[in-house]
Every structure is written in structure tokens, then in C-alpha cells.
Amino acid sequence: LEFPGAVPRTFIGALATSLASSPLVALLSATFHWPKLRSLCLARAVLGLACALSFARVQQAVGKAFGARTGACFGALVA
């Protein structure tokens with residue numbers, strides 16, 4: 001049994017998430033002196049929002065291509 005080694009990963013998603021959340025993290029850290037844990041939770045909330053918005057777009061595209069009922073069923077099955 002052989003393993004191919006490390007799985008190649010990209011940093012683009014992490015970079016986009018940090019770029020999207022960094023202005024808000026900087027503002028709230030300067031204003032309220034937030035600890036790093038809250039900044040991490042905020043960055044994860046930004047990532048969750050991006051996932052939810054992308055899922056809504058895919059569901060909308062499925063509904064447009066195959067009908068509204070199919071889009072609703074897709075959303076119910078995947079969510």
C-alpha cells in the first residue's frame with residue numbers, strides 16, 4: 001500500500017477570505033479591542049456567508065435550467 005504524499009493545496013480561498021474580512025476585523029479590533037478568537041470567528045462567518053451565497057446562486061441556476069420545482073428539491077436535498 002503506497003501513499004502519494006502530501007495533497008497539493010491552494011491558498012487562493014484563504015487569501016480571498018482574509019481580504020474580505022480584514023477591513024472589518026481591523027475596524028472592530030481597533031474600536032473594541034477584540035481578541036484574536038473573535039477575529040477568527042468573524043473570518044469564519046465571512047466564509048460561511050460566501051458559501052451560503054454561492055449555494056443560493058447554484059440553486060438559482062438549477063432552478064432556471066431545470067425548473068423551479070427542481071431547484072427547490074435541489075436546495076432541500078443539498079442543504
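1. A residue is called buried under 20% relative accessible area and exposed over 50%, with partly exposed for what lies in between. On that scale cysteine 51, with a relative accessible area of 46%, is partly exposed, and cysteine 73, at 43% relative accessibility, likewise counts as partly exposed. Please keep in mind throughout that the model is a predicted one.

2. On the cysteines, the count of disulfides comes to zero, the rule being that a pair of cysteine sulfur atoms must lie within 2.5 Å. For cysteine 51 the closest cysteine sulfur belongs to cysteine 41, and because the two sulfurs are 16 Å apart, they are too far from each other for a bond.

3. As to the fold, the chain comes to three helices and zero strands, and the pattern read along the sequence is α-α-α. The radius of gyration of the chain is 18 Å, whereas the globule rule gives 12 Å for 79 residues; the value is well over that figure, and the chain is therefore more spread out than a compact globule. The C-alpha trace spans about 50 × 45 × 20 Å along its principal axes.

4. The surface figures can be read next to those dimensions. Of the 79 residues in the chain, 14% are buried, while the accessible surface comes to about 6700 Å², with 71% of it belonging to carbon and sulfur atoms.

5. Threonine 17, which is found in helix 1 (residues 12-32), deserves a look, because its relative accessibility of 17% falls under the 20% cut-off and it therefore counts as buried. Leaving aside residues up to four places away in sequence, threonine 17 touches Ala43, Val46 and Leu47.

6. How many aromatic pairs does a search of the whole structure find? The search returns one such pair. Its members are phenylalanine 55 and phenylalanine 74, whose ring centres are 6.0 Å apart and whose planes stand at 25 degrees, so the pair is stacked, given that planes under 30 degrees apart count as such. Since phenylalanine 55 lies in helix 2 (residues 36-66) and phenylalanine 74 in helix 3 (residues 68-78), the pair ties together parts that are 19 residues apart in sequence.

7. Histidine 33 lies in the loop between helix 1 and helix 2, and its phi is near 55 degrees, which is a positive value in a residue other than glycine. With a relative accessible area of 66%, histidine 33 is exposed.

8. Finally, alanine 6 lies in the segment before helix 1 and is exposed, its relative accessible area being 75%. From alanine 6 to serine 39 the separation is 33 residues in sequence and 29 Å in space, taken C-alpha to C-alpha.

How values were computed
Residues numbered from 1 in each chain as written. Predicted model: local features only at pLDDT ≥ 70, side-chain atom pairs only at ≥ 80, totals over all residues. Heavy atoms only, no water. Phe/Tyr/Trp six-rings, centres within 6.5 Å; stacked < 30°, edge-to-face > 60°. Helix = DSSP H or I, 4+ residues; strand = E, 2+ residues; numbered from the N terminus. Rg over C-alpha atoms; globule rule 2.2 N^0.38 Å. Buried < 20%, exposed > 50% of the residue type's maximum accessible area, 1.4 Å probe, protein only. Areas by Shrake-Rupley, 256 points an atom, 1.4 Å probe, with all protein chains shown as cover. Contact = heavy atoms within 4.5 Å.
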